[in-house]
Amino acid sequence: MKLLSALLVAGFTAATLSSAAHAQQKLVLKASDVHAAGYPTVVAVENIGKKLEKATNGRLSVAMYPSMQLGGEKEAIEQAQVGAIAFARVSVGALGPVVDDLNVFNLPYVFRNTAHMQQVIDGPIGQELLDKVTNSGKGLVGLAWMDAGARNFYNTKRPIKNMADLKGMKVRVMGNPMFVDMANSMGGNGVAMGYDQVFNALQTGVVDGAENNPPSFVFDNHYQVAKFYTIDEHLIVPEMVVFSKKIFDALSKDEQAALIKFSHEAQQEERKLWEIYEKEAMDKAKAAGIQIIQVSDADKKAFQDAVKPVWDKYGPKYAATVKRIQETK
Ligand code: GTR
């Protein structure tokens with residue numbers, strides 16, 4: 001009996017000490033984003049950090065490494081998987097090759113418009129896909145969605161008004177075979193490469209064009225070399241804040257709950273920032289003399305028809321989710 005109580009006391013003391021040590025030990029959570037300081041996704045993750053710091057009396061904080069300081073998105077995902085960083089804010093384009101279920105959002109024209117995409121990520125499908133990431137066994141926790149508007153083609157050569165104008169153009173796409181197939185099916189030549197290489201590739205002529213939303217096009221300076229921007233909205237790919245499972249598991253239950261709560265709030269906060277940033281980007285592009293081309297409905301239909309082979313190849317396995325997406329009002 002004596003021994004038992006001695007053991008219990010010892011056990012209790014060890015547990016108390018370790019939780020006290022846990023409470024005192026400060027943990028700086030590293031975060032990576034390809035975009036620069038001030039970009040909506042960067043600000044949203046920084047805000048998670050500020051809230052965490054307050055809620056944990058300074059035990060947790062976030063150190064943001066923006067502007068690809070730690071590499072591109074593929075690298076960020078790998079670093080989070082091994083616990084070298086905590087947060088990776090990445091596109092679902094880059095995450096699809098790691099967690100295949102997400103590729104449903106990478107199907108061209110899967111969403112009717114950005115409002116439709118927002119409804120989907122805010123609803124049950126959005127939560128299910130975050131959970132798929134967490135339960136994928138890939139060392140990641142899916143924390144929140146980030147809005148990234150719609151992606152459009154831009155290039156250094158000529159205005160693209162319709163599919164014929166895209167013919168033969170070397171177009172950089174994100175590192176995901178679905179996008180190479182997409183660009184090819186539209187008559188271009190899709191070239192997959194990391195975001196960290198796009199500016200140089202455009203400048204040196206390694207590619208003729210790329211595709212992205214207005215804030216990336218403008219605030220990552222691609223507009224300085226590519227003067228033609230065509231609004232065709234072929235992809236509406238949301239982004240995700242993923243967290244290292246290894247680091248997540250080392251947090252206390254309360255800390256985990258706070259992290260999840262603040263991440264959900266960040267999803268809505270980023271969206272507001274995004275609206276402003278997208279408008280600023282378009283204004284800046286116009287002021288810089290970028291030729292902005294809005295494709296006609298008929299030409300958009302031609303782009304949509306052209307990606308049928310991509311749907312035939314990748315679509316069937318996501319059919320059930322696609323149906324639910326389409327039914328989302
Ligand atoms: C941006 C997105 C990044 C990255 C980039 C790309 O719109 O915010 O996460 O995916 O596009 O094209 O690689």
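Q: Where is Asn57 found?
A: In this predicted model, Asn57 is found in the loop that runs between helix α2, residues 40-55, and strand β2, residues 60-65.

Q: Is that residue buried or exposed, and why?
A: Asn57 counts as exposed because its relative accessible area is 70%, and the cut-off for that class is over 50%.

Q: What is phi of Asn57 near?
A: Phi of Asn57 is near 50°, which is a positive value in a residue other than glycine. Met68 also has a positive phi without being glycine, and there the value is near 60°.

Q: OK, and where is the place of Met68?
A: Met68 lies in the loop between β2 and α3, with α3 covering residues 73-82. Its relative accessibility is 25%, so Met68 counts as partly exposed, given that this class lies between the 20% limit for buried and the 50% limit for exposed.

Q: Where does Tyr195 sit, and is it buried or exposed?
A: Tyr195 is in the loop between β7, residues 189-192, and α9, residues 198-204. Tyr195 counts as buried because its relative accessibility is 9%, with the limit for buried set at under 20%.

Q: How many residues apart along the chain are Tyr195 and Val34?
A: They are 161 residues apart along the chain, while their C-alpha atoms are separated by 7.5 Å.

Q: And which side chain has a polar contact with that of Tyr195?
A: That is Asp220, whose side chain is joined to the side chain of Tyr195 by a polar contact of 2.6 Å.

Q: Switching to the ligand, where does it sit, and which residues come nearest?
A: The ligand sits in the largest pocket, and of the 13 residues around the ligand, His35, Glu73, Arg172, Asn212 and Glu239 come nearest.

Q: Which polar side-chain atoms lie by an oxygen atom of the ligand?
A: Among them, one of Glu73 lies 2.5 Å from a ligand oxygen, while Asn213 and Ser216 each place a polar side-chain atom 3.0 Å from an oxygen atom of the ligand. The protein covers 98% of the 310 Å² of accessible area that the ligand has on its own.

Q: Last topic: which residues are buried in helix α5?
A: In α5, residues 114-122, the buried residues are His116, Met117, Gln118, Val120 and Ile121, and they pack against α6, β4, α12 and α15.

Notes: Residues numbered from 1 in each chain as written. Predicted model: local features only at pLDDT ≥ 70, side-chain atom pairs only at ≥ 80, totals over all residues. Heavy atoms only, no water. Helix = DSSP H or I, 4+ residues; strand = E, 2+ residues; numbered from the N terminus. Buried < 20%, exposed > 50% of the residue type's maximum accessible area, 1.4 Å probe, protein only. Polar contact = N/O pair within 3.5 Å; in protein donor to acceptor, adjacent residues only side chain to side chain. Near = heavy atom within 4 Å. Areas by Shrake-Rupley, 256 points an atom, 1.4 Å probe, with all protein chains shown as cover. 1 Å grid on protein atoms, 1.4 Å probe; cavity = no way out; pocket = protein on both sides within 12 Å on 5 of 7 lines; lining within 4 Å. Sits in = over half its atoms within 2 Å of the grid points. Contact = heavy atoms within 4.5 Å.
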